[in-house]
Amino acid sequence: MGDLREYSEVSEDKTEPFSQTEIQARLQRSRMEEFNAVNNAVPLDKLVVPPDDDIRILLRPLTRDRAVREDRRAMPVALKPGGEEDQTLQQVLAVRQTAKDINFTINIPNYRNPGRRLDIHLYYDPASDNLVISSTSQVPFTLSRISEEPEESRGAQYEVNPDTKKFLAPGTWRVTMDGTDLLDFRLVERPPVHLWLASNSSSDLSEVSDLVNSSGKRSFISGEDETASPKRRRPSGAKGEDGVIMILPPKSGAKGKELVASTGHPLLDMQPGETLEVPSRGGFVGYTLNKKDPIASTSLSCVFTAEYSGAPGRYVVAKVLRTAVPAGANTNEGAAARTIIRQAETFLRELSNHEKLNHKNIVQLYGGDARFLSLYMEPIDGRDLSAKGVWRTAGTDLFSGDRSDAMRILQDTSSGLDYLHRLRLEHNDIKPGNILYSRERGAVVCDLGLSSEKGEGRGGGTPWYVPPEYIGLRQRGPPSDVWAVGVVMLYVMGKISWPDIRAHRAHPRHLYWQIAHVHEKERHLQTTAISRMRAWLNEITAVRNGLDLHDKLERLVHGMLAPNPKERLTMKEIVNQLFVEQEKGAQGIHYA
């Protein structure tokens with residue numbers, strides 16, 4: 001390319017600047033040189049990405065006057081073409097996924113017409129090599145697949161409208177807007193991780209194969225059927241029974257035998273006794289995770305205990321967010337893509353908010369990995385307040401603890417949430433299921449997946465713990481957390497049964513609504529949700545009105561459930577009052 005300075009240089013023999021015609025001619029020559037350079041470049045598909053690097057996206061801008069806006073994660077690299085006679089290094093932009101990256105944003109401004117800028121987000125799918133494209137551009141653009149392979153998808157084109165969400169397979173794609181080719185980008189397959197199955201030195205390949213396949217819970221790449229699920233890069237190795245691919249480590253018996261899972265999410269594939277090894281790449285720290293015992297599994301997450309090298313000598317609780325749509329679910333591509341985006345953003349919010357915290361009444365975070373949407377947390381010797389047969393009585397769904405338990409739960413929960421609020425954070429999902437408790441450890445708040453910074457506000461949560469001000473004003477915040485603790489305290493004081501049981505259709509007093517429907521545009525959905533929420537709030541008000549204001553515990557809960565958030569106690573006030581009462585108790589002063 002020509003040097004821009006030459007367009008306005010003045011020679012010793014010329015006292016006038018270049019004419020506009022000459023400037024335009026020089027600019028045209030510069031653009032032609034750039035056009036030829038781009039079109040003579042080796043296709044992105046032919047560039048060799050080092051196998052020990054975490055590169056996920058390669059970028060090549062195609063126009064000079066609309067460059068990709070700089071991003072710290074997009075760094076220039078020089079890559080060699082594979083299988084080409086000309087081995088000249090090719091300069092491209094490379095995007096690496098780190099343990100905190102859930103997506104990458106491509107922004108190409110249009111200075112002449114700001115409303116026609118390109119603005120897209122590429123979300124990494126933790127369960128496959130695919131990415132999800134989400135367009136926030138104000139105008140449509142064309143997405144063309146320019147990879148030569150596979151042949152059936154060559155030349156495929158899509159019109160991407162604003163707010164479109166779509167899956168993209170690995171390969172090279174071209175973005176065109178208003179007839180101008182703006183960008184080529186290549187999606188790179190994920191680098192492999194190693195999943196080891198510990199085995200005795202006497203174990204042979206067939207024994208390992210039988211152990212894995214007898215569970216019926218995992219599928220593996222098979223020579224007969226490689227299309228059942230997203231396929232990983234297949235390393236060379238021995239093939240055991242039923243097509244299970246296994247690799248013997250260099251030193252016999254050192255780690256057992258390695259399994260290559262076909263579902264693409266090793267943390268969800270692995271069974272107790274197996275170890276996931278995430279190697280160090282591109283300067284990022286690797287780690288190992290040895291799975292122990294399952295704790296819980298839902299459609300949204302999987303929780304289990306494990307040994308984590310990031311917390312040496314300690315067990316952790318690993319929480320992995322699920323993104324795959326359940327088998328048989330009636331959904332479309334857009335809905336499946338939105339699930340990935342929602343879960344990825346939930347993970348990042350929980351990770352970024354949780355890693356700021358250090359309080360004995362909030363579960364400690366040891367680490368997390370965006371590549372798997374996984375969090376590694378402190379194991380708590382205690383069960384949540386909704387645990388049936390532990391803190392919830394079977395049959396009545398009443399709390400099985402006593403008054404001293406209730407006081408301890410209020411003290412510890414309020415202390416943790418006061419700390420959270422002083423950091424200008426809100427939990428937004430306080431409920432019995434998110435408070436772990438034992439008489440030895442006390443109460444510990446967990447699950448910050450819906451947490452937010454003060455003022456952001458969130459619409460999620462669990463219906464029975466959302467405050468009355470949400471109906472008219474859509475308000476959430478620290479007072480919302482106080483209200484939620486107040487409802488929890490009604491449960492632990494034995495004033496009401498576990499609220500969540502009311503969601504069961506078989507319950508004689510079934511009462512359930514979706515929080516999102518409270519402000520739904522469809523009138524009948526909104527009316528139904530508001531009606532049911534108000535019915536529940538009336539129940540809470542009736543119980544509140546029956547509390548004994550001469551009892552110190554019930555008086556505090558009464559103040560936490562004030563309908564007007566401005567009249568509601570704050571966590572700081574609750575903590576202060578409990579502290580004063582503790583001091584008086586220590587000095588032998590007793591009062592009702």
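Begin by selecting helix α7 (residues 478-492) together with helix α9 (residues 552-560), whose axes, taken as lines fitted to C-alpha atoms over the stretch in contact, come within 8 Å and cross at roughly 140°. Because angles run from 0 to 180 degrees between N-to-C directions, and those under 35 degrees count as roughly parallel, over 145 as roughly antiparallel, 65 to 115 as roughly perpendicular and the rest as oblique, α7 is oblique to α9.

This is a predicted model, in which local features need pLDDT of at least 70 and side-chain atom pairs count only at pLDDT 80 or more, while totals for chains, interfaces and linings use all residues. Residues are numbered from 1 along each chain as its sequence is written, and side-chain values use heavy atoms, with hydrogens and water left out.

Next, show the side chains where the two helices are in contact (heavy atoms within 4.5 Å): α7 contributes Val482, Trp483, Val485, Gly486, Met489 and Leu490, and α9 contributes Leu553, Val557 and Met560. Eight of the residues in this contact of α7 with α9 are nonpolar, one is polar and none is charged; here Ala, Val, Leu, Ile, Met, Phe, Trp, Tyr, Cys and Pro count as nonpolar, Asp, Glu, Lys and Arg as charged, and the others, Gly among them, as polar.

Then move to helix α4 (residues 333-354) and select Asn353, which is buried (under 20% relative accessible area, with a 1.4 Å probe and protein chains only) at a relative accessible area of 5%. Neighbours within four places in sequence aside, Asn353 is in contact with Leu425, Ser451, Ser452 and Glu453.

Finally, display the whole chain, where 49% of the 592 residues count as buried.

Terms used: Buried < 20%, exposed > 50% of the residue type's maximum accessible area, 1.4 Å probe, protein only. Helix = DSSP H or I, 4+ residues; strand = E, 2+ residues; numbered from the N terminus.
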